[in-house]
Amino acid sequence: MEHTSTLEKILRGTAITLVILFFMFPIFWIFLMSFQTNETILRVPPSIVFEPTLSNYTALITGKLDTAAGTLEISFMKNLWNSLFLSTASVAVGLVLGVPAAYAFARLKFRGSEDIAFTLLSFRFAPPLLVLLPLTIYFQQIGLADTYIGLIWVYQLIVLPLILWIVRGYFEDIPADVEYAYRIAGHSWGATFRKIALPLAGPGIAAAGLLAFIFAWNNFIFALVLASADKQPVTVGALAFVTASGIQYGQVAAGIVLSILPTFALALYAQRYLVEGLSLGAVKG
Amino acid sequence: MSLQLIDIVKSFKDDVVLDGVSLEVASGETLVLFGPSGAGKTVLLRLIAGVIEPDEGSILINGENMDGVEPEDRGIGMAFQNFALFPHMDARANIASPLTARRESQTGMKRRVEEVAKLLKIDHVLHHKPKELSNGQKQRTALGRALAGEPKILLLDDPLRNVDAKLRFEMRLELPRLLKDQQATVIYVTQDYKEAMALGHRIAVMSGQGIAQIGTPEDIYLAPQNTAIARLFGDPVINLLDVVPERGAEGVQVRLSGTPVPLHQGHAASIGHDCVLGVRPEAIRFVDADAPGSFPVTIEAETPLNEKTVTLAITEKKREILISRPSGTPGPDRGQAHVAIDAGAALLFDRATGNRIAPASAAAKGEPA
């Protein structure tokens with residue numbers, strides 16, 4: 001790596017630039033759009049020279065959307081809060097249920113353990129609509145439709161298998177002898193789980209939690225069907241910008257910028273754990 | 001504390017690893033479990049530690065049945081072959097782990113950890129995480145962790161396997177004293193016969209699905225149960241020659257290179273049977289051609305090791321034998337030579353079963369050897 005020729009450097013730089021352009025350009029463009037009015041966004045040909053405006057953001061934050069057809073009430077900030085609450089709560093519940101389950105699947109070989117684990121994973125194979133239709137009817141009958149609890153419950157379909165399977169792999173990578181050694185040293189089963197298994201699988205648990213959070217945050221269909229306006233997350237709330245007088249591209253863009261900020265910040269913060277966790281080096285003695 | 005295993009059976013799926021193993025270890029004794037990999041040595045240790053359960057049989061510690069007793073309640077210290085250190089804790093916390101379990105006071109804990117660390121010469125690396133330690137330091141940390149709690153039973157699973165030759169040699173000298181100081185009952189697993197002979201009060205040789213022979217190091221070296229065990233102990237390996245004992249002028253003898261070589265007179269019962277003669281390379285001497293019982297050989301190669309010189313020779317019937325002598329003592333390095341066998345050190349095995357044939361007792365022995 002130390003003796004790279006100039007040509008190699010140029011080629012590598014070009015490749016990296018291309019990749020960054022490919023992935024970052026849409027985000028960059030959305031970011032620009034969020035500071036423009038519908039007129040400047042829709043002009044042909046598009047240009048990056050424009051008069052920046054904060055009107056999109058003020059509309060979102062104040063909840064008043066001015067359109068040609070009059071002023072519309074939108075609840076974007078409420079949606080953002082819903083997203084945050086639903087995702088956080090779902091991941092929290094998912095971790096509380098999934099991490100001990102993952103440990104059980106990794107360490108205890110009980111009858112049917114593989115079948116149960118696979119069944120849980122298979123929730124991810126089925127199209128969401130398949131479960132949604134019967135769930136809608138059940139939820140209406142038992143009063144869970146349009147409640148946070150009901151939504152968090154359904155979100156476990158996304159979150160739980162993800163956490164379970166990722167974290168299980170991390171637990172399996174911890175040599176069993178390390179745990180045995182702690183028990184022989186005189187510590188109980190529970191203490192061994194808390195002091196050895198949990199810290200050693202920590203990066204994996206963080207990675208799984210982060211991924212689960214992003215999946216929950218980006219979910220659209222469950223909330224669309226099962227929740228009404230005041231419980232809906234941003235993914236569904238963004239539909240409000242498709243108004244009778246046209247699509248409010250500026251507000252959509254501003255909404256997207258606001259809604260990716262939390263996951264973006266979380267990913268940046270947790271990057272260290274992610275890299276550590278996914279490289280697996282931490283566990284090997 | 002004494003340890004007793006009664007008829008232990010353990011299998012994994014359809015693979016029977018231990019089939020009816022019984023074993024008794026006295027308080028304060030060091031017992032070495034010796035055998036090739038896959039013989040079930042580690043499984044036996046894990047059963048004693050309680051991290052796996054036997055299918056049948058019972059384990060008694062100080063006469064108390066350990067059935068259903070959790071590993072943390074057995075009062076055992078164990079060092080693993082792969083060290084199994086806690087990677088997220090520094091060496092100090094690793095060694096202290098048996099003490100934290102007992103909620104020992106901070107000062108008591110610190111004192112004990114430093115005492116153990118000093119003993120094992122790792123007191124300067126206590127603040128290092130396992131991945132910052134060398135293999136030797138890791139091994140000592142693992143040993144320190146096993147010792148820190150002053151367990152009455154100490155299980156050491158091939159602790160010198162993964163360390164370099166120099167440290168292994170040093171530790172082989174240090175360990176007996178260390179284990180003696182602990183006054184613990186020790187079960188020590190190894191695949192190295194020198195380690196086994198150096199450390200064990202008794203050695204249990206494991207093969208197949210159980211214990212093939214158990215005895216003092218001398219017993220096993222001088223009177224191995226069968227040819228397989230004879231071959232496991234000793235370097236260079238024992239000479240095994242197919243022979244048929246016969247009655248000669250001086251009593252029981254065998255013919256090597258056509259020359260009669262006398263045997264222990266207790267072997268009269270084996271006359272005419274297919275046998276295997278086992279002679280340790282150090283029990284063969286170079287002698288003058290006219291020495292009694294000597295037979296001619298041709299020298300093929302000579303390998304000087306540090307403390308001894310090993311010579312490969314062939315008899316007139318093209319059978320290879322190894323001869324070992326202390327380096328510096330005279331001996332031929334090529335051509336023809338004559339050798340003689342120490343009749344008292346020669347072992348006789350049944351060729352069909354491989355089992356050793358013990359000579360009839362001294363009382364029955366009429367003639368001198």
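In strand β2 of chain B, B:Asp19 is the residue that stands opposite B:Val9. The strands concerned are β1 (residues 3–12) and β2 (residues 15–25) of chain B, which run antiparallel and are joined by eight bridges; strands pair if DSSP finds at least two bridges between them. Strands (E, at least two residues) and helices (H or I, at least four) are DSSP runs, numbered from the N terminus. Two residues lie between β1(B) and β2(B) in this hairpin, where B:Lys13 takes a positive phi near 55°. The model is predicted, with pLDDT of at least 70 required for local features and 80 or more for side-chain atom pairs, while totals for chains, interfaces and linings use all residues. Side-chain values use heavy atoms, without hydrogens or water, residues are numbered from 1 along each chain as its sequence is written, and chains are lettered from A and ligands numbered from 1 in the order in which they are written.

Chain A contributes 19 residues and chain B 23 residues to their contact (heavy atoms within 4.5 Å). About 1,800 Å² is buried between the two chains, 64% of it from carbon and sulfur atoms; buried area is the accessible area (1.4 Å probe) lost by two parts on being put together, summed over both.

Three salt bridges cross the interface of chain A and chain B (a side-chain nitrogen of Lys or Arg within 4 Å of a carboxyl oxygen of Asp or Glu). B:Arg46 forms a salt bridge with A:Asp177, with 2.8 Å between the closest N and O atoms. On the side of chain A that touches chain B, the elements giving two or more residues are α8 (176–184) and α9 (189–217) of chain A. The most come from α8(A), with seven residues.
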